[in-house]
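Below is a walk through one structure, taken element by element. Please keep the sequence and the 3D view at hand while reading.

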Amino acid sequence: MKKTILSLSLLALLTSCKNDKKQMVVTDDPAQDSIALIERAKAIHERVITLDTHCDIDVKNFTDEVNYTQDLNSQVTLPKMNEGGLDVAWFIVYTGQDELTDKGFKKAYNNAMDKYNAIHKLVDDIAPNQIELALTSDDVRRIVKSGKKVAMIGIENGYPIGKDISNVQKFYDLGGRYMSLAHNGHSQLSDSNTGEADSIWLHNGLSDLGKKVIKEMNRLGMMVDVSHPSKEAMRDMIELTEAPIIASHSSARALCDHSRNLDDEQLEWLKKNNGVAQAVAFPAYLNTEKSEKRAAFKKEVALTVMDSMNVAYLDWDAVKELKADEREAYFEVLQKVNPIVEAKMKTMKNVPEAVNVSDFVDHIDYMVNKIGIEHVGISSDFDGGGGIEGWNDASETFNVTLELVKRGYTEEQIGLLWSGNLLRVLDDVQAVAKRLQS
């Protein structure tokens, strides 16, 4: 079988459908209706291709000794993908923003190459019988049909390109099939959404080099990702591109006012461009109030646990000041603390509600109603801050399909959301590239 789905608790079975517009055939027995709904959702989940456009990686998990064939603490591994029925993971070549200098560019390029090498080691050396790299939509369907998992590569931040546009070709040849031109901070190519905090901009959109990079991405067949660049940069991209674009991991700003989300105007741009917005299961981008309230409560519990372990709490500014080895050691301690904190919270009363799958699908509903089912998709941002109650790692992927079924989405619609729309954009982008190259 392509996927293995764990049985859910009776409480999950009894959750009611929330979308009154989409009616389902029911019996007089609510429990039987719920069981039938679960079985229907399982069957749909088995048949559609499930694709997550944003899964961060740590190169330490791509070695002969420690890798994704094992059940690691990371949110994405092959065992977790098998358990939850996730077919396709876009592994991310992410580089944080640093100084716009030759030294900074070189360091970023080396970091990017380390991540490319890690992904290729997984598919070529570590687990070639379990997972394969896809470059096209046809590759995806062929690999899924073979019974293997699919790896694809996205680039988060064009900073590693430096000032050498030929690096776009290098990154494409290594398998990169989408790229954002900025992350948290302005790059040499594009302003970032983070400029909203202080209204300080470097380019007022795209730089001249960034505009050339967009054209080069069109020529090669690499999707343009607008999830981190500024709104003005997105406007420039829409005007320049000859192919559809994507937002690889962004939700609806109308529901959660965060600069990482897309406002209604941006969603309309995306629709007219025939692109797709991949809603993201990142708590702070789904419901800021719930996320912050839960995080504050969790921090207080964590402080108690850390104090009992004689571990000092450091805020993010202090963590950034640590040397690399000290920061790594601190994060290792936090990994040990977190399960203890989570277990303790389960025994406590009045714990603030966590952002959950229902909150996530609220954003999908909103965008579907706003711009149409053909322009919406799904992403997690696992191992990069993503993860919500009900979809906290790849093993829980089925719960997203279940919620969609509860709300009345058809199998065809669920297939579009999970992979059909994104793969259609990839096809369109590659068709434009073929035309430009000829």
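Cysteines, helices and loops

Cys-256 is buried, because its relative accessible area is 3%, where buried means under 20% relative accessible area, exposed means over 50% and partly exposed lies in between, with a 1.4 Å probe and protein chains only. Cys-55 is buried too, at a relative accessible area of 0%. The structure holds 0 disulfides, a disulfide being counted as a pair of cysteine sulfur atoms within 2.5 Å.

This is a predicted model, in which local features need pLDDT of at least 70 and side-chain atom pairs count only at pLDDT 80 or more, while totals for chains, interfaces and linings use all residues. Residues are numbered from 1 along each chain as its sequence is written, and side-chain values use heavy atoms, with hydrogens and water left out.

Helices and strands here are DSSP runs numbered from the N terminus, helices being H or I with at least four residues and strands E with at least two. Two packed helices are described by the angle between their axes and the distance between the axes. Helix α6 (residues 166–173) and helix α7 (residues 208–220) have axes that come within 10 Å and cross at roughly 35°; the axes are lines fitted to C-alpha atoms over the stretch in contact, and angles run from 0 to 180 degrees between N-to-C directions. On the α6 side the contact is made by Val-168, Gln-169 and Tyr-172, and on the α7 side by Val-213, Glu-216, Met-217, Arg-219 and Leu-220, with contact meaning heavy atoms within 4.5 Å. These residues divide into 5 nonpolar, 1 polar and 2 charged. In that count Ala, Val, Leu, Ile, Met, Phe, Trp, Tyr, Cys and Pro are nonpolar, Asp, Glu, Lys and Arg are charged, and the others, Gly among them, are polar.

Helix α8 (residues 231–240) contains Ala-233, which is buried at a relative accessible area of 0%. Leaving aside neighbours within four places in sequence, Ala-233 is in contact with Ser-190, Asp-191, Gly-205 and Leu-206. Its C-alpha atom is separated by 21 Å from that of His-54, 179 residues apart along the chain.

Next comes helix α13 (residues 324–346), whose 23 residues should span 33 Å at 1.5 Å a residue; the end C-alpha atoms are 33 Å apart, so the two values agree. The expected span is 1.5 Å times one less than the number of residues. Tyr-330, Val-337, Val-341 and Met-345 are the buried residues of α13, and they pack against α11 (288–308) and α12 (316–321).

Helix α15 (residues 398–406) is largely enclosed by the rest of the structure, because 9 of its 9 residues are buried. After α15 comes Gly-408, with a positive phi near 95°.

Positive phi values also occur in residues other than glycine. Asn-274 has a phi near 70° and lies in the loop between α9 (264–273) and β8 (276–280). At 32% relative accessible area, Asn-274 is partly exposed. Asp-381 has a positive phi of about 60° and sits in the loop between β9 (376–379) and α15. Asp-381 counts as buried, because its relative accessibility is 5%.

Asp-427 counts as partly exposed at 32% relative accessibility. Neighbours within four places in sequence aside, Asp-427 is in contact with Ser-137 and Arg-141. From His-203, Asp-427 is 224 residues apart in sequence and 31 Å apart in space, C-alpha to C-alpha.
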